[in-house]
Amino acid sequence: MRDDKLDTTTNSIPAHVGIIMDGNGRWARKQNQNRTQGHLEGLKTAKRIVKAASDMGIAYLTLYAFSTENWKRAAEEVGFIMGLVKRYLIEEMDFYRQNGIRIRHAGDFPGLPEDIGQEIQKALEDTKDFTGLQVILALNYGGRDEICRAVRRMAREPKFSGEAAAVTEDLISQYLDNPDIPDPDLIIRTAGELRTSNFLLWEAAYSEYYISDILWPDWTEEDLRLAISDFQKRERRFGGVIK
């Protein structure tokens, strides 16, 4: 019989969890509703899971909200998603304050619509001193794009010109979007998909993956608990051998 009891001791809770929130469109189709309704329900789920993660003592939660590839979707759907993000950033300040949640961003910031960028910047500034869970919104984000942007930042540093030997993994990590945030311990993907989908490619080199068949809008606090309980049973070796 499976034991899904959650160990709540500080060192057993993953410090950083990333979630690929998949299944909004399929959820809407099952409900005979428009895809936009699926995204709305997905936003409600995100808030529910953020609160649960905060209560569990997770320090960092990266939510894959909109990828660099999602611009290929219909303009109406893209506009609706961006509107939801803007509304979330504006309307949830009391929620952030009550739970000490700090908002951060990962992705190509200049590539966002101006009004969305302004709201993100305001949320970053308004919550920068909060000491609870840090929620990283991966918005206009792609793992390959992040690595390319990191390399471009490095290339602008005169001290690295022609010094290929100076380029190390640690150095590249310093030029990623959030170099102070530890690599994710656990990455969750919902809706049964088995792809990385260009999410945190550099940072996820040794992340544990948890695949859930449940569509994102149907996810609950209990599903997060089960994912973490499963993670706690893993033996992480990071390429080495545990004696």
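Trainee: Let's start with Lys 122 and Asp 126: what makes this pair a salt bridge?

Mentor: Keep in mind that this is a predicted model. The side chains of Lys 122 and Asp 126 come to 2.8 Å, N to O. The cut-off is a side-chain nitrogen of Lys or Arg within 4 Å of a carboxyl oxygen of Asp or Glu, so the pair is called a salt bridge.

Trainee: What separates Lys 122 and Asp 126 along helix 5?

Mentor: About one helical turn, because they are four residues apart in that helix.

Trainee: Why are Lys 122 and Asp 126 called partly exposed?

Mentor: Partly exposed is the range between the buried cut-off, under 20%, and the exposed one, over 50%. Lys 122 has a relative accessible area of 48%, so it is partly exposed. Asp 126, at 32%, gets that label too.

Trainee: And what about Glu 125 and Lys 128, which meet in a salt bridge?

Mentor: Their N to O distance is 2.8 Å. With the limit at 4 Å, the label therefore holds. Glu 125 has 44% relative accessible area and is partly exposed; Lys 128, with 38%, is partly exposed as well. Elsewhere, salt bridges with shared partners join Asp 22, Arg 26, Arg 189, Glu 193 and Arg 195 into one network.

Trainee: Which parts does the salt bridge between Lys 86 and Asp 115 tie together?

Mentor: That one is 3.2 Å, N to O. Lys 86 sits in helix 3 (residues 75-91) and Asp 115 in helix 5 (residues 114-127), so the bridge ties together parts 29 residues apart in sequence. Lys 86 is partly exposed at 27%, and Asp 115 counts as partly exposed at 34%.

Trainee: How many salt bridges are there in the whole structure?

Mentor: The search finds 21. As for the charges themselves, the protein chain has 33 positive and 39 negative ones, and their mean positions are 2 Å apart.

Trainee: What makes Asn 140 worth a look?

Mentor: Its phi is near 55°, a positive value in a residue other than glycine. Asn 140 is in strand 4 (residues 134-141).

Trainee: Where is Ala 191, and why is it called buried?

Mentor: Ala 191 lies in the loop between strand 5 (186-189) and strand 6 (208-211). Its relative accessibility is 9%, and under 20% means buried, so that settles the label. Ala 191 also has a positive phi, about 70°, although it is not a glycine.

Trainee: What is the secondary structure built from, and how do contacts run along the sequence?

Mentor: Eight helices and six strands, running β-α-α-β-α-α-β-α-β-α-α-β-β-α from the N terminus. Of the contacts between residues at least 6 apart in sequence, 76% join residues at least 24 apart.

Definitions and conventions: Residues numbered from 1 in each chain as written. Predicted model: local features only at pLDDT ≥ 70, side-chain atom pairs only at ≥ 80, totals over all residues. Heavy atoms only, no water. Helix = DSSP H or I, 4+ residues; strand = E, 2+ residues; numbered from the N terminus. Contact = heavy atoms within 4.5 Å. Lys, Arg positive; Asp, Glu negative; His and termini not counted. Charge placed at Lys NZ, Arg CZ, Asp CG, Glu CD. Buried < 20%, exposed > 50% of the residue type's maximum accessible area, 1.4 Å probe, protein only.
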